[in-house]
Amino acid sequence: EPGELAAIHDEPLPDGQRDTALTVHAEAIRATLRAEHGTKSDDVVETVFRALFVNDGAGHVVRNPTAMAKLEAIAGPDRDLVRPVVDGYARDPNTLLMVGPKDKAGDEIVDISHEALLRNWRRMTEDEGGGSKGWIQQESDDALAWRTLAHTAETEGALLDAATLIRKRPLYAKFAAAPERVRRYLLRGKKRDSVEEETEWEAVAQLIRRSEQAVVDQEAAVA
C-alpha cells in the first residue's frame, strides 16, 4: 500500500548513513537494470522518472501519470528500454512504479507509487557529486533553457552569440534526439501529433540554424 511504502522508505538507515532506505532500494534496481541492459538504461531511468513528476505551479513537485507510449516517445532512440525500466521498478517486490488501467487510447498509464519517492530518493534532489542539481532541478533548468530559446526565437531574425550557442548546443542536441521531451516545456503548444510540427519547435530550430550560420560567416570573415 502507498502508506506502507512511505512508512518503510522514509526512515533513514542506521549508523548515520545519509541515504534513505528508499534511495538504497531504487539504486539497487537501477544497478540491476544496468547489469541486464547496459549503461543506456541509466539514461532511460532518468528519462522515465523525470517524465513522471511535474511542478504544479505553486512550487510543489507532484506525480504526473503518463501513458507508456508517451514515455517511449520521450525516450526517443532508447524507447525499447522503457518497458524493461518500468517493469523493473514496478514488479513485486519493488513497486516504486505502478502500471495502471489503460487510457481511452488503450495505452497503459505509468505512475510513481508514492510521492515519498520525490522527496527521499537522493537522485531526485542531488547530483552525482552531492550538489543540488538532482533530477527535479535539472528538469526545471531544461524547461527554463527551452523557454529562453523560445522567447528569443519570437524576435524575427534573432541570433545567439557564439558563446551562448556553444552553451546551448548540447541541450538542443538532446532535445533534437527526442523532440517529444520538449512538449511539456512548450510555451504555446498547439497539441500537434508531433512536437516537430509545433510552430514553437520550428522557430527554435530556425534560431539555432541561423546562429550556426552566423558563426560560420563571422569565422570566414576573420580568416
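Visitor: Is Glu36 buried, partly exposed or exposed?
Guide: This is a predicted model, where local features need pLDDT of at least 70, side-chain atom pairs count only at pLDDT 80 or more, and totals for chains, interfaces and linings use all residues. Residues are numbered from 1 along each chain as its sequence is written, and side-chain values use heavy atoms, without hydrogens or water. Buried means under 20% relative accessible area, exposed over 50%, partly exposed in between (1.4 Å probe, protein chains only). Glu36 has a relative accessible area of 48%, so Glu36 is partly exposed.

Visitor: Is Glu139 buried or exposed?
Guide: Glu139 sits in helix 8; helices are DSSP runs of H or I, at least four residues, numbered from the N terminus. Its relative accessibility is 8%, so Glu139 counts as buried.

Visitor: Which residues does Glu139 touch, not counting those up to four places away in sequence?
Guide: Contact means heavy atoms within 4.5 Å. By that rule, with residues up to four places away left out, Glu139 touches Arg50, Phe53, Arg184 and Tyr185.

Visitor: How far apart are the end C-alpha atoms of helix 8?
Guide: The expected span of a helix is 1.5 Å times one less than its number of residues. Helix 8 covers residues 135-153, 19 residues, so it should span 27 Å. The model agrees: its end C-alpha atoms are 27 Å apart.

Visitor: What separates the C-alpha atoms of Glu36 and Pro84?
Guide: Glu36 belongs to helix 2 (residues 21-37). Pro84 is 48 residues from Glu36 along the chain, and their C-alpha atoms are separated by 9.5 Å.

Technical notes. Helix = DSSP H or I, 4+ residues; strand = E, 2+ residues; numbered from the N terminus.
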